Amino acid sequence: MASVCVAVRVRPLNEREKEMSAKVIIHMDGSTTSVHCNKKHIPKGIPGIGLTDGGRHSFSYDFSYDSTDVRSPNFVPQDKVFKDLGCDVLKAVFEGYNACVFAYGQTGSGKSYTMIGSPGDLGLIPRICDGLFCQISEKDQVDGASFRTEVSYLEIYNERVQDLLTTKTGPGSGSGLHLREHPKDGPYVQKLSTHLVQNYTDIEELMHAGNAKRTTASTGMNDVSSRSHTSFTIIFTQVRFDAELPCETVSKIHLVDLAGSERTGARLKEVANINKSLATLGSVISVLADTCVTGGGGGSHTGKRKKQLFIPYRDSLLTWLLKDSLGRNSKTIMIATLSPADVHYSETLSTLRYANRAKNIVRKPTVNEDSGVRVIRELQEEITRLRGLVENNQVGVLVSKRSLVRIPELTKWKNKNLCALEQDLIWRFVDGGGKLSQAPVQNLPEVLNWVEIWCLRWPWYMVLGSNF
Ligand SMILES: Nc1ncnc2c1ncn2[C@@H]1O[C@H](COP(=O)(O)OP(=O)(O)OP(=O)(O)O)[C@@H](O)[C@H]1O
């Protein structure tokens with residue numbers, strides 16, 4: 001079981017806030033974030049919601065990052081955020097898990113800065129991509145594993161999905177794509193382009209191309225505000241041998257930069273859509289958190305439930321797309337970004353409460369092993385177990401109908417060779433590279449059962465194939 005990891009980051013005062021003589025009201029101490037505000041700090045028209053304890057609210061998170069003042073000894077730069085959060089993502093992904101990082105916060109609070117960064121001060125997405133290829137080259141040399149990395153980049157703008165990496169031109173290409181749901185693999189965007197990448201430079205080029213297409217506009221808080229939610233997705237396949245058994249895992253990393261919440265805005269439809277999807281995200285987080293606290297179900301994957309709770313994933317494309325990351329199979333990190341200024345007190349408090357709620361979500365991530373390869377691996381494990389039994393003359397114990405694999409060629413082989421059995425002979429497996437020898441048997445019905453099982457196992461057939 002794993003909780004959603006929640007980090008909070010506060011940026012420096014910006015020029016506008018300085019011009020307004022805004023005061024810093026966020027204080028961080030270890031993993032605790034406190035917001036301290038008196039009613040006199042709050043400009044007219046902004047309600048001083050929930051002021052208690054002399055206007056101090058404290059919350060504890062997994063990480064509280066103070067990036068308000070570069071001269072402060074407590075200042076947290078981009079590389080510290082990567083070391084804490086990005087390295088965890090990479091670890092999870094190399095272990096075969098899905099991962100998701102999403103940044104949430106008011107417009108202009110530093111989401112894109114934390115996720116993407118600037119050319120001289122890279123954020124989490126480029127650092128994670130770079131770290132991925134560094135580790136690939138290390139593991140390639142040590143483990144002899146092979147890897148495949150593909151990426152896609154989409155934005156959700158006004159409740160429409162757009163492919164930010166499509167090379168197709170013409171009306172409708174790459175925009176208004178449909179979100180669908182696979183019963184096993186979860187939600188996916190139909191016709192979204194995926195791009196094979198060999199190194200960090202390939203990813204960098206694609207990211208630049210995608211960022212240039214992203215919908216931005218100026219807001220009261222941010223001159224270059226992202227007006228859409230984006231998801232940069234890495235599909236990472238690893239093939240290796242684990243204790244001489246094949247193992248293939250496919251992990252997805254969703255790196256999500258949400259559009260900023262805004263109370264008012266010039267483009268009403270846009271603001272309404274952003275706020276609606278963020279509100280739905282808030283509802284989903286609340287229900288999931290309640291589910292985990294009360295032990296209720298709600299997700300279709302859960303077994304016994306105390307209480308059925310409806311989770312409104314499909315109320316927005318954003319929550320539908322993040323369904324698996326939030327409620328099911330993913331190691332998930334939420335980064336809540338904050339302005340330090342008293343003039344944004346109510347937005348800040350609401351972000352802190354939102355993040356506090358997300359802490360209660362607990363999920364059970366599982367390794368995403370390719371099902372075909374898993375069957376081969378399980379069968380090979382079974383063969384090893386059976387070999388041990390054969391060596392100990394315990395052949396009668398081998399019945400396990402559950403794992404029969406019916407392959408027509410094998411049945412033919414078995415029929416051809418049954419005459420040998422009728423002469424009270426059986427091919428017995430002798431350890432050492434799949435060599436077979438004949439041995440007399442006493443108990444024919446038992447042995448027939450044994451052969452039935454063994455002949456229908458296709459990995460063994462591969463061994464037989466080289467002998468017959
Ligand atoms: N930690 C930080 N250190 C220094 N500057 C920062 C930091 N966070 C944000 N900024 C600056 O603040 C401004 C707004 O940040 P950013 O664009 O990342 O906000 P945002 O939350 O993504 O906004 P929006 O939702 O409107 O897109 C940018 O000029 C950015 O460089």
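The model discussed here is predicted. Lys-111 is found in helix 3, and helix 3 gives the most to the shell around the ligand, with three residues.

**Annotated site**
- An unreviewed UniProt entry carries the annotation "binding site" for Gly-105, Gln-106, Thr-107, Gly-108, Ser-109, Gly-110, Lys-111 and Ser-112.

**Gly-110**
- Gly-110 lies in the loop that runs between strand 7 (99-105) and helix 3 (111-115).
- Gly-110 counts as buried because it has 24 C-beta neighbours inside 10 Å, where 20 or more are required.
- Apart from neighbours within four places in sequence, the contacts of Gly-110 are Arg-9, Arg-11, Gly-105 and Thr-337.

**Lys-111**
- Lys-111 has 28 C-beta neighbours inside 10 Å and therefore counts as buried.
- When residues up to four places away in sequence are not counted, Lys-111 touches Ala-103, Gly-105, Asp-257, Leu-258, Gly-260 and Thr-337.

**Shell around the ligand**
- There are 19 residues around the ligand, and those that come nearest are Arg-11, Gly-110, Tyr-113, Ser-225 and Gly-260.
- Two or more residues of this shell are given by each of helix 3 and strand 17 (225-226).
- The shell around the ligand is made up, by class, of 14 polar, three nonpolar and two charged residues.

Conventions:
Residues are numbered from 1 along each chain as its sequence is written. This is a predicted model: local features need pLDDT of at least 70, side-chain atom pairs count only at pLDDT 80 or more; totals for chains, interfaces and linings use all residues. UniProt positions are given in the numbering used here, feature names are shortened, and annotations may be inferred rather than shown by experiment. Helices (H or I, at least four residues) and strands (E, at least two) are DSSP runs, numbered from the N terminus. A residue is buried if 20 or more other C-beta atoms lie within 10 Å of its own, exposed if 12 or fewer, and partly exposed in between; C-beta atoms are placed from the backbone. Two residues are in contact if their C-beta atoms, placed from the backbone, lie within 7 Å. A residue is near a molecule or strand if its C-beta atom, placed from the backbone, lies within 6 Å of it. Ala, Val, Leu, Ile, Met, Phe, Trp, Tyr, Cys and Pro count as nonpolar, Asp, Glu, Lys and Arg as charged, and the others, Gly among them, as polar.
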